Amino acid sequence: MKKKFWMILMMAAVLALAGCGSDSESAEETDTAEAEDAAESSSDYVLYEDLTSTLVSLGEYKGIELAKTVAEVTDEDVQAEIDDIKKEYSDLVDVDREAQTGDVVVIDFTGYIDGETSDSLQGTETSVEIGSGSFLEDFENGLIGVTAGEDMEINMTFPKDYSEEVAGKDVTFEVYVYRVSEYQIADWSDEFVQENLDYDSIADMEASIREELEETAEEEAESNWQYELVYELLGASEFEIEDADIEAYIDELMSEYETYATMYSMELGDFLETYLGVTEEELREMFRETAKFRVQMTLAFHEIAEREGMEVSDDEYQEYLQSIADTYGYEDASDIETYYSPDLIREQLIQEKVIELICENAVDTAE
(Lines give C-alpha, C1' and ligand atoms only; values in the text may rest on other atoms or scores of the structure.)
Protein backbone atom coordinates (compact mmCIF):
# COMPACT_ATOMS: atom_id res chain seq x y z
CA MET A 1 0.00 0.00 0.00
CA LYS A 2 1.29 3.45 -0.81
CA LYS A 3 2.05 5.55 2.22
CA LYS A 4 0.24 8.53 0.78
CA PHE A 5 -2.91 6.42 0.59
CA TRP A 6 -3.36 7.10 4.29
CA MET A 7 -4.97 10.44 3.55
CA ILE A 8 -7.29 8.78 1.08
CA LEU A 9 -8.40 6.40 3.82
CA MET A 10 -8.97 9.24 6.25
CA MET A 11 -10.80 11.52 3.84
CA ALA A 12 -12.66 9.01 1.67
CA ALA A 13 -16.10 10.06 2.84
CA VAL A 14 -15.41 13.77 2.41
CA LEU A 15 -13.79 13.44 -1.00
CA ALA A 16 -16.67 11.32 -2.24
CA LEU A 17 -19.02 14.22 -1.57
CA ALA A 18 -17.49 16.12 -4.47
CA GLY A 19 -19.11 13.69 -6.86
CA CYS A 20 -22.57 14.67 -5.62
CA GLY A 21 -22.34 18.35 -6.46
CA SER A 22 -19.42 20.70 -6.86
CA ASP A 23 -21.54 23.83 -6.77
CA SER A 24 -24.82 25.02 -5.33
CA GLU A 25 -26.58 24.98 -8.69
CA SER A 26 -25.85 21.29 -9.31
CA ALA A 27 -26.92 20.44 -5.78
CA GLU A 28 -30.20 22.30 -6.17
CA GLU A 29 -30.94 20.65 -9.52
CA THR A 30 -30.61 17.11 -8.22
CA ASP A 31 -34.03 15.54 -8.67
CA THR A 32 -35.78 13.13 -6.34
CA ALA A 33 -34.68 9.99 -8.17
CA GLU A 34 -31.02 11.05 -8.10
CA ALA A 35 -31.27 11.91 -4.42
CA GLU A 36 -32.73 8.49 -3.66
CA ASP A 37 -29.93 6.80 -5.62
CA ALA A 38 -27.30 8.83 -3.78
CA ALA A 39 -28.87 8.11 -0.41
CA GLU A 40 -28.86 4.42 -1.25
CA SER A 41 -25.18 4.63 -2.20
CA SER A 42 -24.44 5.82 1.32
CA SER A 43 -25.31 2.35 2.51
CA ASP A 44 -22.38 1.03 0.44
CA TYR A 45 -20.00 2.47 3.06
CA VAL A 46 -18.90 0.06 5.75
CA LEU A 47 -19.45 1.32 9.30
CA TYR A 48 -18.10 0.01 12.59
CA GLU A 49 -21.39 -1.64 13.51
CA ASP A 50 -21.34 -3.57 10.23
CA LEU A 51 -18.15 -5.45 11.13
CA THR A 52 -18.09 -9.00 12.46
CA SER A 53 -14.30 -8.99 12.98
CA THR A 54 -12.97 -8.42 16.49
CA LEU A 55 -10.08 -6.65 18.18
CA VAL A 56 -8.29 -9.12 20.46
CA SER A 57 -5.73 -6.73 21.92
CA LEU A 58 -4.83 -3.10 21.27
CA GLY A 59 -1.23 -1.96 21.00
CA GLU A 60 0.07 1.14 22.76
CA TYR A 61 -1.27 4.17 20.93
CA LYS A 62 0.47 6.87 22.95
CA GLY A 63 4.17 7.57 22.74
CA ILE A 64 4.84 5.80 19.44
CA GLU A 65 8.36 6.72 18.30
CA LEU A 66 8.84 7.28 14.60
CA ALA A 67 10.88 9.63 12.43
CA LYS A 68 9.07 12.03 10.13
CA THR A 69 11.10 12.24 6.94
CA VAL A 70 10.70 15.31 4.74
CA ALA A 71 11.96 14.90 1.17
CA GLU A 72 14.56 17.45 0.09
CA VAL A 73 13.54 19.79 -2.71
CA THR A 74 16.41 19.91 -5.18
CA ASP A 75 17.34 22.37 -7.91
CA GLU A 76 16.35 19.64 -10.38
CA ASP A 77 12.86 19.50 -8.87
CA VAL A 78 12.43 23.24 -9.26
CA GLN A 79 13.76 23.17 -12.81
CA ALA A 80 11.36 20.38 -13.75
CA GLU A 81 8.42 22.55 -12.63
CA ILE A 82 9.78 25.51 -14.58
CA ASP A 83 10.24 23.34 -17.67
CA ASP A 84 6.59 22.24 -17.44
CA ILE A 85 5.49 25.89 -17.25
CA LYS A 86 7.67 26.84 -20.19
CA LYS A 87 6.10 24.07 -22.29
CA GLU A 88 2.71 25.73 -21.89
CA TYR A 89 4.07 28.81 -23.67
CA SER A 90 6.23 26.96 -26.16
CA ASP A 91 5.72 25.71 -29.71
CA LEU A 92 6.67 22.23 -30.88
CA VAL A 93 9.14 22.74 -33.70
CA ASP A 94 10.42 19.93 -35.94
CA VAL A 95 14.18 19.44 -35.73
CA ASP A 96 16.62 17.69 -38.06
CA ARG A 97 18.70 15.82 -35.52
CA GLU A 98 18.66 12.75 -33.29
CA ALA A 99 15.96 12.66 -30.63
CA GLN A 100 16.94 13.34 -27.05
CA THR A 101 15.26 13.43 -23.66
CA GLY A 102 12.53 16.09 -23.63
CA ASP A 103 11.79 15.83 -27.35
CA VAL A 104 8.45 14.72 -28.76
CA VAL A 105 8.65 11.90 -31.31
CA VAL A 106 5.67 11.02 -33.52
CA ILE A 107 5.67 7.33 -34.41
CA ASP A 108 3.78 4.31 -35.67
CA PHE A 109 4.51 1.19 -33.63
CA THR A 110 3.53 -2.47 -33.64
CA GLY A 111 4.59 -4.84 -30.89
CA TYR A 112 5.11 -8.58 -31.31
CA ILE A 113 5.13 -11.18 -28.55
CA ASP A 114 6.13 -14.63 -29.78
CA GLY A 115 5.42 -13.37 -33.29
CA GLU A 116 1.86 -12.28 -32.48
CA THR A 117 0.47 -8.76 -32.10
CA SER A 118 -2.77 -7.23 -30.77
CA ASP A 119 -4.58 -3.89 -30.76
CA SER A 120 -3.06 -3.02 -27.37
CA LEU A 121 0.44 -3.34 -28.85
CA GLN A 122 -0.17 -0.97 -31.75
CA GLY A 123 -0.33 2.78 -32.28
CA THR A 124 -0.55 5.12 -35.28
CA GLU A 125 0.96 8.62 -35.39
CA THR A 126 1.41 8.48 -31.64
CA SER A 127 3.19 11.35 -29.87
CA VAL A 128 5.74 10.25 -27.28
CA GLU A 129 7.57 12.76 -25.12
CA ILE A 130 10.82 11.09 -24.18
CA GLY A 131 11.35 11.11 -20.43
CA SER A 132 7.76 12.06 -19.56
CA GLY A 133 6.84 8.65 -18.19
CA SER A 134 3.72 8.50 -20.35
CA PHE A 135 5.02 5.22 -21.78
CA LEU A 136 7.22 2.57 -20.21
CA GLU A 137 10.71 3.85 -19.49
CA ASP A 138 12.42 1.24 -21.68
CA PHE A 139 10.17 2.17 -24.60
CA GLU A 140 10.83 5.90 -24.25
CA ASN A 141 14.57 5.38 -23.80
CA GLY A 142 14.57 3.22 -26.92
CA LEU A 143 13.58 6.31 -28.90
CA ILE A 144 16.64 8.30 -27.87
CA GLY A 145 18.79 8.81 -30.93
CA VAL A 146 16.14 8.18 -33.60
CA THR A 147 15.69 10.54 -36.55
CA ALA A 148 12.74 11.47 -38.74
CA GLY A 149 11.97 8.90 -41.47
CA GLU A 150 13.76 6.08 -39.65
CA ASP A 151 12.54 2.50 -39.21
CA MET A 152 13.85 0.85 -36.07
CA GLU A 153 13.15 -1.78 -33.42
CA ILE A 154 12.82 -1.61 -29.65
CA ASN A 155 13.35 -4.86 -27.76
CA MET A 156 12.19 -4.89 -24.15
CA THR A 157 10.45 -6.90 -21.45
CA PHE A 158 7.18 -5.85 -19.87
CA PRO A 159 7.30 -5.43 -16.06
CA LYS A 160 6.02 -8.40 -14.05
CA ASP A 161 3.36 -6.23 -12.42
CA TYR A 162 2.01 -5.02 -15.78
CA SER A 163 -1.36 -6.10 -17.20
CA GLU A 164 -1.87 -9.86 -17.16
CA GLU A 165 -1.87 -10.15 -20.95
CA VAL A 166 1.76 -9.09 -21.35
CA ALA A 167 3.28 -9.09 -17.84
CA GLY A 168 6.89 -10.31 -17.82
CA LYS A 169 6.91 -11.09 -21.54
CA ASP A 170 9.54 -10.13 -24.10
CA VAL A 171 8.29 -7.86 -26.87
CA THR A 172 9.72 -6.44 -30.07
CA PHE A 173 8.30 -3.14 -31.28
CA GLU A 174 8.69 -2.22 -34.92
CA VAL A 175 8.71 1.59 -35.06
CA TYR A 176 8.49 4.14 -37.85
CA VAL A 177 9.48 7.71 -36.94
CA TYR A 178 7.51 10.49 -38.63
CA ARG A 179 9.22 13.44 -36.99
CA VAL A 180 11.24 14.66 -34.04
CA SER A 181 10.20 17.94 -32.38
CA GLU A 182 11.47 20.08 -29.54
CA TYR A 183 9.79 22.69 -27.37
CA GLN A 184 10.87 26.21 -28.29
CA ILE A 185 9.77 29.36 -26.49
CA ALA A 186 10.05 32.68 -28.29
CA ASP A 187 10.77 34.71 -25.18
CA TRP A 188 11.76 33.80 -21.65
CA SER A 189 12.61 36.89 -19.65
CA ASP A 190 11.62 38.80 -16.53
CA GLU A 191 9.22 40.83 -18.67
CA PHE A 192 7.57 37.68 -20.08
CA VAL A 193 7.18 36.21 -16.59
CA GLN A 194 5.67 39.47 -15.29
CA GLU A 195 3.14 39.69 -18.11
CA ASN A 196 2.09 36.05 -18.32
CA LEU A 197 2.78 34.36 -14.98
CA ASP A 198 2.16 37.02 -12.34
CA TYR A 199 5.67 36.88 -10.91
CA ASP A 200 8.02 39.83 -10.52
CA SER A 201 10.88 38.03 -12.21
CA ILE A 202 12.28 34.64 -13.12
CA ALA A 203 14.13 34.61 -9.80
CA ASP A 204 10.88 35.38 -7.97
CA MET A 205 9.15 32.53 -9.83
CA GLU A 206 11.92 30.09 -8.93
CA ALA A 207 11.76 31.08 -5.27
CA SER A 208 7.96 30.76 -5.21
CA ILE A 209 8.04 27.35 -6.86
CA ARG A 210 10.66 26.13 -4.39
CA GLU A 211 8.52 27.35 -1.49
CA GLU A 212 5.44 25.57 -2.89
CA LEU A 213 7.38 22.34 -3.40
CA GLU A 214 8.74 22.52 0.13
CA GLU A 215 5.23 23.03 1.51
CA THR A 216 4.04 20.03 -0.48
CA ALA A 217 6.97 17.97 0.82
CA GLU A 218 6.02 18.90 4.40
CA GLU A 219 2.39 17.93 3.79
CA GLU A 220 3.39 14.60 2.25
CA ALA A 221 5.77 13.91 5.13
CA GLU A 222 2.96 14.54 7.62
CA SER A 223 0.61 12.31 5.65
CA ASN A 224 3.18 9.52 5.46
CA TRP A 225 3.98 9.90 9.17
CA GLN A 226 0.31 9.56 10.07
CA TYR A 227 0.04 6.39 8.03
CA GLU A 228 3.21 4.91 9.53
CA LEU A 229 2.03 5.69 13.07
CA VAL A 230 -1.23 3.87 12.49
CA TYR A 231 0.63 1.03 10.76
CA GLU A 232 2.82 0.68 13.87
CA LEU A 233 -0.25 0.66 16.09
CA LEU A 234 -2.04 -1.98 14.04
CA GLY A 235 1.12 -4.09 13.87
CA ALA A 236 1.27 -4.09 17.66
CA SER A 237 -2.41 -5.06 17.95
CA GLU A 238 -4.09 -8.42 17.47
CA PHE A 239 -7.24 -9.01 15.44
CA GLU A 240 -9.54 -11.76 14.32
CA ILE A 241 -10.47 -10.64 10.81
CA GLU A 242 -13.42 -12.10 8.93
CA ASP A 243 -13.20 -12.44 5.16
CA ALA A 244 -16.72 -11.01 4.81
CA ASP A 245 -15.54 -7.69 6.26
CA ILE A 246 -12.61 -7.51 3.86
CA GLU A 247 -14.91 -8.26 0.93
CA ALA A 248 -17.33 -5.56 2.11
CA TYR A 249 -14.56 -2.96 2.11
CA ILE A 250 -13.40 -4.13 -1.32
CA ASP A 251 -16.97 -3.70 -2.54
CA GLU A 252 -16.90 -0.14 -1.18
CA LEU A 253 -13.66 0.65 -2.99
CA MET A 254 -14.97 -0.92 -6.20
CA SER A 255 -18.18 1.09 -6.09
CA GLU A 256 -16.31 4.25 -7.16
CA TYR A 257 -15.22 2.54 -10.36
CA GLU A 258 -18.73 1.24 -10.92
CA THR A 259 -19.91 4.85 -10.77
CA TYR A 260 -17.31 5.92 -13.32
CA ALA A 261 -18.24 3.03 -15.60
CA THR A 262 -21.88 4.07 -15.45
CA MET A 263 -20.93 7.65 -16.31
CA TYR A 264 -19.22 6.34 -19.45
CA SER A 265 -22.14 3.98 -20.22
CA MET A 266 -19.79 1.03 -19.94
CA GLU A 267 -19.78 -2.30 -18.16
CA LEU A 268 -17.39 -2.29 -15.21
CA GLY A 269 -15.09 -4.93 -16.75
CA ASP A 270 -14.84 -3.04 -20.03
CA PHE A 271 -14.15 0.24 -18.20
CA LEU A 272 -11.34 -1.28 -16.11
CA GLU A 273 -9.72 -2.98 -19.10
CA THR A 274 -9.90 0.22 -21.16
CA TYR A 275 -8.76 2.82 -18.63
CA LEU A 276 -6.72 0.83 -16.07
CA GLY A 277 -5.60 -2.21 -18.02
CA VAL A 278 -6.78 -4.60 -15.30
CA THR A 279 -9.62 -7.04 -14.85
CA GLU A 280 -12.23 -6.71 -12.12
CA GLU A 281 -10.68 -9.68 -10.29
CA GLU A 282 -7.20 -8.14 -10.48
CA LEU A 283 -8.41 -4.83 -9.07
CA ARG A 284 -10.25 -6.54 -6.23
CA GLU A 285 -7.06 -8.38 -5.34
CA MET A 286 -5.09 -5.13 -5.47
CA PHE A 287 -7.54 -3.67 -2.92
CA ARG A 288 -7.30 -6.61 -0.51
CA GLU A 289 -4.46 -5.26 1.63
CA THR A 290 -6.10 -1.85 1.82
CA ALA A 291 -9.41 -3.41 2.83
CA LYS A 292 -7.77 -5.44 5.62
CA PHE A 293 -6.01 -2.29 6.82
CA ARG A 294 -9.33 -0.45 6.98
CA VAL A 295 -11.02 -3.22 8.95
CA GLN A 296 -8.19 -3.20 11.49
CA MET A 297 -8.10 0.59 11.61
CA THR A 298 -11.84 0.88 12.24
CA LEU A 299 -11.74 -1.66 15.08
CA ALA A 300 -8.68 -0.07 16.70
CA PHE A 301 -9.94 3.49 16.36
CA HIS A 302 -13.29 2.72 17.94
CA GLU A 303 -11.58 1.02 20.86
CA ILE A 304 -9.36 4.08 21.36
CA ALA A 305 -12.37 6.39 21.11
CA GLU A 306 -14.19 4.36 23.76
CA ARG A 307 -11.19 4.34 26.10
CA GLU A 308 -10.69 8.08 25.67
CA GLY A 309 -14.38 8.88 25.98
CA MET A 310 -14.43 10.51 22.57
CA GLU A 311 -17.78 11.68 21.30
CA VAL A 312 -19.00 13.97 18.54
CA SER A 313 -21.07 16.84 19.87
CA ASP A 314 -23.91 18.33 17.86
CA ASP A 315 -21.91 21.54 17.50
CA GLU A 316 -18.88 19.66 16.18
CA TYR A 317 -21.08 17.74 13.78
CA GLN A 318 -22.73 20.88 12.40
CA GLU A 319 -19.40 22.69 12.11
CA TYR A 320 -17.94 19.76 10.21
CA LEU A 321 -20.99 19.55 7.96
CA GLN A 322 -20.69 23.27 7.20
CA SER A 323 -17.00 22.94 6.37
CA ILE A 324 -17.83 20.27 3.80
CA ALA A 325 -20.65 22.41 2.41
CA ASP A 326 -18.30 25.38 2.06
CA THR A 327 -15.68 23.26 0.32
CA TYR A 328 -18.04 21.80 -2.25
CA GLY A 329 -20.39 24.72 -2.77
CA TYR A 330 -23.58 23.60 -1.03
CA GLU A 331 -25.82 26.48 0.03
CA ASP A 332 -27.53 24.31 2.63
CA ALA A 333 -25.26 22.04 4.68
CA SER A 334 -28.15 19.71 5.42
CA ASP A 335 -28.22 18.75 1.72
CA ILE A 336 -25.14 16.65 2.40
CA GLU A 337 -27.20 14.37 4.63
CA THR A 338 -29.29 13.54 1.57
CA TYR A 339 -26.29 11.71 0.19
CA TYR A 340 -24.38 10.58 3.26
CA SER A 341 -25.82 9.35 6.51
CA PRO A 342 -25.09 11.16 9.78
CA ASP A 343 -23.54 7.92 11.07
CA LEU A 344 -21.02 7.94 8.25
CA ILE A 345 -20.14 11.58 8.86
CA ARG A 346 -19.82 11.06 12.61
CA GLU A 347 -17.56 8.05 12.02
CA GLN A 348 -15.31 10.23 9.89
CA LEU A 349 -15.10 12.74 12.71
CA ILE A 350 -14.21 10.05 15.24
CA GLN A 351 -11.42 8.82 12.97
CA GLU A 352 -10.00 12.33 12.72
CA LYS A 353 -10.12 12.76 16.49
CA VAL A 354 -8.25 9.49 17.01
CA ILE A 355 -5.51 10.20 14.50
CA GLU A 356 -5.05 13.63 16.04
CA LEU A 357 -4.65 12.02 19.46
CA ILE A 358 -2.12 9.51 18.14
CA CYS A 359 -0.07 12.23 16.42
CA GLU A 360 -0.14 14.60 19.38
CA ASN A 361 1.25 11.87 21.63
CA ALA A 362 3.77 10.45 19.14
CA VAL A 363 7.50 11.15 19.27
CA ASP A 364 9.15 12.39 16.07
CA THR A 365 12.61 10.87 16.41
CA ALA A 366 13.90 12.97 13.51
CA GLU A 367 13.79 16.10 15.68
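Ala261 lies in helix H8, which spans residues 243-263 (helices being DSSP runs of H or I with at least four residues, numbered from the N terminus). The model is predicted, so that local features require pLDDT of at least 70 and side-chain atom pairs count only at pLDDT 80 or more, whereas totals for chains, interfaces and linings use all residues. Residues are numbered from 1 along each chain as its sequence is written, and side-chain values use heavy atoms, with hydrogens and water left out.

With a relative accessible area of 2%, Ala261 is buried (buried, under 20%; exposed, over 50%; partly exposed in between; 1.4 Å probe, protein chains only). Beyond residues up to four places away in sequence, Ala261 touches Met266, Glu267, Leu268 and Phe271, contact being defined as heavy atoms within 4.5 Å. The C-alpha atoms of Ala261 and Tyr275 are 9.9 Å apart, at a sequence separation of 14 residues.

Ser265, in the loop between H8 and H9, is exposed because its relative accessibility is 70%. Its phi is near 55°, a positive value in a residue other than glycine. Most residues other than glycine have a negative phi. A positive phi, near 60°, also occurs at Asp198, located in the loop between helix H6 (190-197) and helix H7 (202-235). Asp198 is exposed, at 72% relative accessibility.

The lining of the second largest pocket comprises 16 nonpolar, eight polar and five charged residues (nonpolar: Ala, Val, Leu, Ile, Met, Phe, Trp, Tyr, Cys and Pro; charged: Asp, Glu, Lys and Arg; polar: the others, Gly among them). A pocket is an open set of points on a 1 Å grid over the protein atoms alone, where a 1.4 Å probe fits, with protein on both sides within 12 Å along at least five of seven lines; lining residues have an atom within 4 Å of a point. Of the 29 lining residues, Tyr162, Ser163, Val166, Leu276 and Gly277 lie nearest the centre of the second largest pocket. Helix H9 (268-275) and helix H10 (280-286) are the elements giving two or more residues to this lining.
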